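Hi,

Here is the model I said I would pass on.

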Amino acid sequence: MDGNGIDEGKVEDGFPHEEEEDDDVNKNKKGAGYEMSVEQIFERRQVPPWRKQLTMRAFGVSFLLSILFSFIVMKLNLTTGIIPSLNVSAGLLGFFFVKSWTKLLQKSGLLRQPFTRQENTVIQTCVVASSGIAFSGGFGSYLFGMSERIAKHSGDNGGFKNPSLGWIIGFLFVVSFLGLFSVVPLRKIMIIDFKLTYPSGTATAHLINSFHTPQGAKLAKKQVKTLGKFFSFSFLWGFFQWFFTAGEDCGFASFPTFGLEAYEYKFFFDFSTTYVGVGMICPYIINISVLLGGIISWGLMWPLIEERKGDWYPAGLSPSNMHGLQGYKVFIAIAMILGDGLYNFIKVLTRTLIGLFYQLRGRQALPIANQHSPDTSEKLSYDDQRRTQLFLKDRIPTWFSIAGYVTIASISTIVLPHIFHELKWYYVLVIYIFAPALAFCNAYGAGLTDWSLASTYGKLAIFTIGAWAGSNGGVLAGLIACGVMMNIVSTASDLMQDFKTGYLTLASPRSMFVSQVIGTAMGCIVSPCVFWLFYKAFDDLGLPESQYPAPFATVYRNMSILGVQGFSALPKECLLLCYAFFGAAILINFTKDILGKKWGSFVPLPMAMAIPFYLGPYFAIDMCVGSLILFMWQKLNREKADAFAAAVASGLICGDGIWTLPSSILALLGVQPPICMKFLSRATNTRVDKFLNPQS
């Protein structure tokens, strides 16, 4: 969650005859017992001005990739809500597309501007910003949770607002840019003065730096070929699976791998290349945690609670009724999510405050963006000197950030109550007063821990605004407030990660900011359109047994109900179980931290354990298969596995993710798969038994 080298070649990116010179320098210095640093390797290259880092080809490639990644993130949002980091895939594919384009132009003699690592950083930033809206836009959580479909499924009469392309795009445009302006004045403090790590941003920068060396470029080509092979396989496998799903509970996705009894409790392998790929990217402990949560819930708890039917809840309720077994599934999962979120919120906030205390201990006041760093150039390495010099060169005026925030906040405060009548203007104003401080905390915490708590801040808004509004539209008001808060704090931490990447690749802060703004604008249009395609193509979107159950939409809706109605919304004995699992989540996290990195890495994660409580463990089996493949590959050839595992996983995820585009279009056109292949259903078993034993 989550290189160095020499120039790429004599003529490949427009810098003739530099490879031999750099090679000689590198050999001489290494022969003298000196290893060149990253910026010494790249020092012969001229860093383009910030405007030339923003090219039309970069944004053209970014737009195409943003569509691809929006489909992937949307599918993950609407199935399980587990979304791995796609930064590596974005950087790799951006490098491949532009590098192929520049080679073609170079052969025809039309290449005017070489492809640089700064332009590669712009592409990666733009793509991640755009596809990030597919997550922070709430299409699988708070936004879809407002719909009538989820309201009916939750048994709630607290109002609804059905999705519409117009108001969704308008809503995203007025809330998605505030986080960018809220932390821009703090870029120097976070990156240079506090020297925060931002592990994901640092890893992405090293990846991009390595791509633009001969060794890295060769490896990148091999990685792209591998990605392409598995992309093709995954796409074709998606088509093959679709061909046999003409009815319900048919096709390979309904294969009773461990028998019919286990299948009824969702223990089966559904042949999803997406989650096999996700399992290869996610750490082992996440996959084990998800499987453990599935075993505890669907293997033990739900069968036991079903035996209390007629005592704890009425026997005649439908399976989706929140006052029956479904209520236990949803609210116990919510309790674990809240316990995990509260613990990590307090932990990260504490680390943030302690870190700030030590950072500011020797200073009279908090430094501001336009001050010079107190470190003298003699204390800095060559790389740090060069990076700091260029990072501070293209400054973004503080007045511009403040004016942008105030302007957009004013427009948003006026517009949002017109889109959502339940959200009063003073609710919005209070959020925007506190949002910059929370955005700073989230960005600082992400720099220390690589953990964005955007969803936790969103849940905080659900309960505070929902309780404030009360029964008079409080459910919808809480969900909308969640969306406003999530967008601000999420984009703030994303931007600071990108500033760290830009700092390490010598990309200008201005180009990073512009790229983030353009990427966010793309996402505000692309993501709603992708969601709208899903929404129109699948009539059962959001229902528990559907192909796209959107589990967090139900979870967020019921959080808002809980915030308004209190514990009266819970079934019998559910509150006691919620207390137990809330406390268990805190205890597990505390134990994990006490044991330290070595032994704590074997302790499961409560947030991951909670997801299958509602959905079932079938996708956990897919993820564990991905983990097993990676584990065996690393045992056989660790070097090759480390180099190509991310490319294989990305190919599996991208191929299956992009297959949702033609499958959605076919569904919109009314084209149904031709065959329904049943695998050992009970009806099939009965027919087989009668055929084999006609007298029985």
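Before the rest, the ground rules. This is a predicted model, so local features need pLDDT of at least 70 and side-chain atom pairs count only at pLDDT 80 or more, while totals for chains, interfaces and linings use all residues. Residues are numbered from 1 along each chain as its sequence is written, and side-chain values use heavy atoms, with hydrogens and water left out.

Helices are DSSP runs of H or I with at least four residues, numbered from the N terminus. Ala550 has a positive phi of about 45° although it is not a glycine. For context, most residues other than glycine have a negative phi.

Glu573 is another one to check, with a positive phi near 65° in a residue other than glycine. Glu573 sits in the loop between H24 and helix H25 (574-600), and at 34% relative accessibility Glu573 counts as partly exposed.

As for H24 itself, 13 of its 15 residues are buried, so the helix is largely enclosed by the rest of the structure. H24 reaches 21 Å from its first C-alpha to its last, close to the 21 Å expected at 1.5 Å a residue (the expected span is 1.5 Å times one less than the number of residues).

**Nonpolar cores**

A nonpolar core is a set of buried Ala, Val, Leu, Ile, Met, Phe, Trp, Tyr and Cys residues joined through side-chain atoms within 4.5 Å. The largest one has 182 residues, and Phe171, Met190, Leu416 and Tyr432 touch the most other members. Helix H22 (residues 474-505) supplies the largest share of this core, 18 residues. Not counting residues up to four places away in sequence, Met190 touches Lys195, Leu196, Tyr198, Phe440, Ala443, Tyr444 and Met496, where contact means heavy atoms within 4.5 Å. A second, separate core has nine residues, including Phe269, Val276, Met280 and Leu652.

Ala477 is in helix H22 and counts as buried at 0% relative accessibility. Beyond its neighbours within four places in sequence, Ala477 is in contact with Glu422, Leu423, Ile465 and Ala469.

**H4 against H15**

Helix H4 (residues 56-79) packs on helix H15 (residues 273-281) at an angle of about 95°, with the axes 12 Å apart. That makes H4 roughly perpendicular to H15, a label for angles of 65 to 115 degrees (under 35 is roughly parallel, over 145 roughly antiparallel and the rest oblique). The axes are lines fitted to C-alpha atoms over the stretch in contact, and angles run from 0 to 180 degrees between N-to-C directions. Lys75, Leu76 and Thr79 of H4 make the contact with Thr274, Tyr275 and Val278 of H15.

**H27 and H28**

Helix H27 (residues 618-636) has 19 residues and reaches 28 Å from its first C-alpha to its last, close to the 27 Å expected at 1.5 Å a residue. Its buried residues include Tyr618, Phe619, Met623 and Leu630. What covers the buried residues of H27 includes H15, helix H16 (284-306), helix H26 (606-615) and H28.

Ala643 is in helix H28 (residues 638-668) and counts as buried at 19% relative accessibility. Leaving aside neighbours within four places in sequence, Ala643 is in contact with Leu219 and Gln223. Ala643 and Gln223 are 420 residues apart along the chain, and their C-alpha atoms are separated by 7.7 Å.

**Arg149**

Finally, Arg149 is found in helix H8 (residues 148-153) and counts as partly exposed at 22% relative accessibility. Among the residues Arg149 touches, not counting those up to four places away in sequence, are Asn162, Tyr535, Asp539, Asp540 and Leu543. The C-alpha atoms of Arg149 and Leu543, 394 residues apart along the chain, are separated by 8.1 Å.

Cheers

Terms used:
Helix = DSSP H or I, 4+ residues; strand = E, 2+ residues; numbered from the N terminus. Buried < 20%, exposed > 50% of the residue type's maximum accessible area, 1.4 Å probe, protein only.
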